[in-house]
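Please have the sequence and the model open while I talk.

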Amino acid sequence: MASSTTSPQHGRPGEEQGASSSHASAPVSAPDRDARLDNAKFLLIALVVLGHGIEPLTGSYEPTRALYFWIYLFHMPAFIVISGYLSRSFDGSSKRVEKLFLSLVVPYLVFWTIHQAISTAARGGLPDSLSVLKPTWTLWFLVALFLWRLSVPVWKRLRWPVAVAVVVSLFAATADLGSTLSLGRVLSLLPFFVLGLCLRREHFAFLDRVWVRVCSAAVLAGTAVLAVPMSGDLSREWLFWRNSLTDRDIDPLTPSIGIRLAFMALALAMTVAVLALTPKRRTWMTALGAYTLYVYLGHAVFYKVLKATPWYDLTGGAVGTAVNIALAAAVTLLLCAPWVRWCMRWAVEPQPTWFLPEDSPLRRGKAGSGAGTG
């Protein structure tokens, strides 16, 4: 995912290339590669795994609930901002659209089938819906990224794209869009993607100033404290960005719109803070940041299976939270391992070019490559 679904080659013209966050081989070092983004992608995907790993414990232990709330205040908006930034060169050409299809739609279909199979086995019967247009659990992000990237040329032609995206997001929040294609999330989180599209390298240089980093540390510390009362007083639906404001117990216009804007501002401030405090030099996390799609898709399968076992009945409280935090860290690192990625490549990075028309640039390229190797 990072995007959770971005190519390791940040600086190349095809920054959104393949919409894949990973390659099976180690990413190639490049002089214009942004280590900060890879580091941030790894940290954020680790928070995604952690959030899903501790979610079943939030109902019985308040500190776990506060940690979960704090993570969800910003981790997906931050991912989406990075996704937008890495999608700047998407131009709607046939080759880019084909790559987008192969790297997002095909893995979506594979993992949708896997999710449904797990749910069927766990329930002992068919799931409530077998519509492929209704994403299962984490797969909403692949749908969203596919639709957002297709819209990139439109946003590039607008004079005030971020303002327009905010207006679209707010109006979308007042309508019941249902669960088809996760349109509620697609439109509600749209401003973060469009903001990423508008960012340039010079904007990241601003994050290196000392006073920005000091303020960033204060923002993250302050929001961690704020998450304690917020987690007890506010519905988690504010964090998921998926449902209409009309389903709340308060007026959908006032104060709901104001609260939605406040959550946007809070997510933006925390995103800036995380990026400012993320190391911009190469670290042990940098190479792993290229494999976030493997982690994103793989951990969902792991936790869907785990939740079908008595595991969470046996873990709880402070000790259970600590155990599940350690488990989340282990799962994140394991899914980045070369042998695990090799085993998962067929599902995460499939190349079924037979889906494409005969005159497809990708099919021609693959055929040419094969002829060249004999």
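Before the first pair, one definition: an axis here is a line fitted to C-alpha atoms, for helices over the stretch in contact, and the angle, which runs from 0 to 180 degrees, is taken between N-to-C directions. Please also keep in mind that this is a predicted model.

Let me begin with helix α15, residues 292-306, and helix α17, residues 317-336, whose axes come within 9 Å and cross at roughly 130°. That angle makes α15 oblique to α17, and the crossing of the two is right-handed. On the α15 side the contact is made by Tyr-294, Val-295, Gly-298, His-299, Phe-302, Tyr-303 and Leu-306, while α17 brings Leu-327, Ala-328, Val-331, Thr-332, Leu-335 and Cys-336. Sorted by class, this contact of α15 with α17 has 10 nonpolar and three polar residues, with no charged ones.

Helix α15 also meets α1, and here the axes come within 10 Å and cross at roughly 10°. Because angles under 35 degrees count as roughly parallel, α1 is roughly parallel to α15. From α1 the contact takes Lys-41, Phe-42, Ile-45, Val-48, Val-49, His-52 and Gly-53, and from α15 it takes Thr-292, Val-295, Tyr-296, His-299 and Tyr-303. By class, the residues of this contact between α1 and α15 divide into seven nonpolar, four polar and one charged.

Staying with α1, we come to its packing against α2, where the axes come within 10 Å and cross at roughly 145°, and where α1 passes α2 in a left-handed crossing. The residues in contact are Leu-47, Leu-50, Gly-51, His-52 and Ile-54 of α1, together with Thr-64, Leu-67, Tyr-68, Ile-71 and Tyr-72 of α2. Of these residues in the contact of α1 with α2, seven are nonpolar and three are polar, and none is charged.

Finally, which residues lie nearest the centre of the largest pocket? They are Trp-137, Trp-140, Arg-185, Phe-240 and Arg-242, out of 25 residues that line the pocket. The elements that give two or more residues to this lining are α1 (35-54), α2 (62-72), α3 (75-85), α8 (183-188) and α12 (237-240). The largest pocket has a volume of about 600 Å³, and its lining has 12 nonpolar, eight polar and five charged residues.

Notes
Residues numbered from 1 in each chain as written. Predicted model: local features only at pLDDT ≥ 70, side-chain atom pairs only at ≥ 80, totals over all residues. Heavy atoms only, no water. Helix = DSSP H or I, 4+ residues; strand = E, 2+ residues; numbered from the N terminus. Parallel < 35°, antiparallel > 145°, perpendicular 65-115°, else oblique. Left-handed = near helix turned anticlockwise from the far one by under 90°. Contact = heavy atoms within 4.5 Å. Nonpolar A, V, L, I, M, F, W, Y, C, P; charged D, E, K, R; others polar. 1 Å grid on protein atoms, 1.4 Å probe; cavity = no way out; pocket = protein on both sides within 12 Å on 5 of 7 lines; lining within 4 Å. Points joined across faces, edges and corners; volume = space filled by probe spheres on them.
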